[in-house]
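Subject: Handover of a structure and the findings on it

Dear colleague,

Please find below the structure that I am handing over to you.

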Amino acid sequence: MANTDPKKTWEPKFGRSELRDADFTSISGRPLRPLYTADDLAGLDGDDVLGFPGEYPYTRGVHPSMYRGKLWTMRQFSGMGTAEQTNARYKFLLEKGQTGLSVAFDNPTLYGRDSDHALSVGEVGKTGVAVDTLADMERLFDGIPLGRVSTSMTINAPAAWIFAMFLANAEKQGAPFAGLRGTLQNDILKEYIAQKEWIFPPLPHLRLITDLMAFCAGHVPQWNTISVSGYHIREAGSTAAQELAFTLADGFEYVERAVAAGMDVDDFAPRLSFFFNAHMDFFEEIAKMRAARRIWARRLKDKYKAKSPRSWLCRFHVQTAGCSLTAQQPELNIVRTALEALSGVLGGCQSLHTNSMDEALALPSEKAVEIALRTQQIIAHESGVPHVIDPLGGSYYVEKLTAELEEEAERIFHKIDELGGVVPAIEQGFFQREITRAAYEYQMALFRKRKVIVGVNDFRNAEETLEIPILEIDESVERDQVRALHEVKARRDNGAVRRSLAALTKAAATPENLMPRLLDCARVYATLGETSDALTVAFGEYMEKPIF
Amino acid sequence: MADPIIKVIIAKPGLDGHDRGAKVVARALVEAGMEVVYLGLRQTPEAIVHAAVEEDVDVIGLSILSGAHMTHFRKVKELMDKEGLGDRLLTGGGIIPTKDQAKLAEAGIGRLFGPGDDLQTIIDYIRDWHRSHPR
């Protein structure tokens, strides 16, 4: 029997083989073995580790029926120019079969500044839609019944007062708060870590988040209050394991803050959701998503003592990696996006955004957006992939990789704990340094051609000429938006605005929940920037020390 | 004779928080022997040019991925000319359509880099510019 172990037969043969001169690590630099075998599954395929779909610890998916029950939501993030232009894009996407809306705001809005602010010059309507007051929210969703579609809003620093404008608009449409469905990104921690769009220091921002969570638990129960996001952390250059660990650590921090504010974990945890990147390393991404579900479920159950199984679920949105797109031969991005989207589906995502091929060049054109959405439809309806739940479950390689990512994340959690937690680690620049280093190492690997990007550092097409249509934002958008803002300011009851803002500043210095105050400000057409300023009086501003 | 050390400011003007490219380039320039002042995020054109005067830099590099490149590059160039820095290089990178790059070149702005341009190309460009523009 001694000679019949086939692995023992294979190993020396592999050892004698001539191998390609290539870097056989993952895109994150993770060493990979040439072959994984049944030995790697030891301890990893039991019910307490792998389990069943819809069963703890959810490694195989959050629902018992996964995509046989319901396909993922195809949710293309979009917004540009004025509220009218974005409204027209939403109607176009709904007509093409998209099932949820996702709002991209422009940079001034993301920073809580009005379109006529000095730092807004040149930025209005460029990377998303500008929202200054409730009037813009009304135009943005004109003819779209908010009680019937689910709406996701990518907004963080001013999330609470953008949401107040959204709620005020729902009131005007006659849609009851209890029936509203959607998601706010509302994840300020990853702003300090990666995306860099904050207004106040971390603690007041975290207080606004717990206020919003408590308000929604009482009044908007179907709303997902935070989309804890790894996407931006990865785009900023982190590895897969850093994305996984930093994101979940942020999620734990929100749980701890809400519990400290007096909430019961089962009252808010079911409304937390996640947002991951799908990068080019196919299996590593799938393993990362599977590991995320397992880690979250274990922590929520064991450490935070959540009793409701709904609190244990790591439900997540996936977006394909913007940073993997190339300006060179942009049509190739269709292929990259398809592979990344497939990893999101095999990873068990609840919703998915596929990037458009032209996004390394400009905002996407309508043609490119349609191809991106069609890519998801091909995976959903032609490939047969969604027919079987977690089809890679039990794969020697994928299970081993899932476990390795989980172990690496646990080591990073430990390191964050040693630094005193997420907020002290932010203040010490820990995350920022780790990401900057990983980004530089990856860039060096490209530079040395140890990693290859087709059409960029290898297989280049020297005669390439660009032949795809590029969307341009008219410079008149800024003028029109500023004019509309000034018209609203001339028309509204300015006395009521002053009173609401003064009441907000006063309440910010007390522990009272600020959401009703923010709603009062929104209803009387206080601007985004005025509301930010009223809160800044109480909270102060935050500056980061530039490091590279 | 050794080349004099090239001094560069790297900055993110406006409200764009995408700083991965700026930081990678800043570090690559340092490793290539240049002196780099990284100003960081949310810089106004005035603050950037003020720092350039204070530090007496040879090169200003702006990173803009937010679509606001036409406004910011032109404004910084205008202020550089006004402050007597018309002989220094204004370059940068981001998501900048070819058509806009051509328009900015006409306004006296140097080469602009985009996704996929390698670090050596940027280093070589700055060194070549510096050699051919002694002051």
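The domain bounds used here come from an automatic or database domain assignment. This is a predicted model, in which local features need pLDDT of at least 70 and side-chain atom pairs count only at pLDDT 80 or more, while totals for chains, interfaces and linings use all residues. Residues are numbered from 1 along each chain as its sequence is written, chains are lettered from A and ligands numbered from 1 in the order in which they are written, and side-chain values use heavy atoms, with hydrogens and water left out.

Domains of chain A

For chain A the assignment gives domain 1 (45–74 + 185–447) and domain 2 (476–539). Taken over C-alpha atoms, the centres of domain 1 of chain A and domain 2 of chain A are separated by 33 Å. Where contact means heavy atoms within 4.5 Å, ten residues of domain 1 of chain A touch 15 residues of domain 2 of chain A. The two domains of chain A bury about 930 Å² between them, 70% of it on carbon and sulfur atoms; buried area is the accessible area (1.4 Å probe) that two parts lose on being put together, summed over both. On the side of domain 1 of chain A, the residues that lose the most area to domain 2 of chain A are F200(A), R207(A) and F215(A), which together make up 52% of what that side buries.

No salt bridge is counted between domain 1 of chain A and domain 2 of chain A, a salt bridge being a side-chain nitrogen of Lys or Arg within 4 Å of a carboxyl oxygen of Asp or Glu. Five residue pairs in polar contact (both at pLDDT 80 or more) are found across this interface of domain 1 and domain 2 of chain A. A polar contact is a pair of N or O atoms within 3.5 Å; within protein, one must be able to donate a hydrogen and the other to accept it, and residues adjacent in sequence count only if both atoms are side-chain atoms.

Interface of chain A and chain B

The contact between the chains takes 42 residues from chain A and 36 residues from chain B. About 3200 Å² is buried between chain A and chain B, with carbon and sulfur atoms giving 57% of that area. L119(A), Y440(A) and F548(A) supply 23% of the area that chain A buries against chain B, more than any other three residues.

One salt bridge is counted between chain A and chain B: the side chains of K196(A) and D19(B) meet at 3.6 Å, N to O. Ten residue pairs (both at pLDDT 80 or more) are in polar contact between the two chains. The elements that give two or more residues to the side of chain A that touches chain B are α4 (107–110), α7 (189–195), α9 (231–235) and α17 (430–447) of chain A. Helices (H or I, at least four residues) and strands (E, at least two) are DSSP runs, numbered from the N terminus. The largest share of that side of chain A, eight residues, comes from α17(A).

K196(A) has a further feature, a positive phi of about 75° although it is not a glycine. K196(A) is found in the loop between α7 and α8 (202–219) of chain A.

Sheets

Two strands pair if DSSP finds at least two bridges between them. In chain A, five strands form an open sheet in the order β1-β9-β8-β7-β6, with parallel pairing. Its edge strands are β1 (73–74) and β6 (226–229) of chain A, each of which pairs on one side only. Two bridges join β1(A) to strand β9 (residues 351–353) of chain A, and M74(A) has L352(A) as its bridge partner in β9(A).

Chain B also has an open sheet of five strands, in the order β2-β1-β3-β4-β5, and the pairing is parallel. β2 (35–43) and β5 (112–113) of chain B stand at the edges with a single partner strand each, so one side of each is left without a neighbour in the sheet. Strand β3 (residues 59–64) and strand β4 (residues 89–94) of chain B pair over six bridges.

Other local features

Over all chains the count comes to 48 salt bridges. In one of them, E284(A) and R30(A) have their closest N and O atoms 3.1 Å apart. E284(A) lies in helix α12 (residues 282–303) of chain A and R30(A) in the loop between α1 (6–16) and α2 (66–69) of chain A, so the pair ties together parts that are 254 residues apart in sequence. P57(A) lies in that loop between α1 and α2 of chain A, and the peptide bond from Y56(A) to P57(A) is cis, with omega near 0°.

With kind regards
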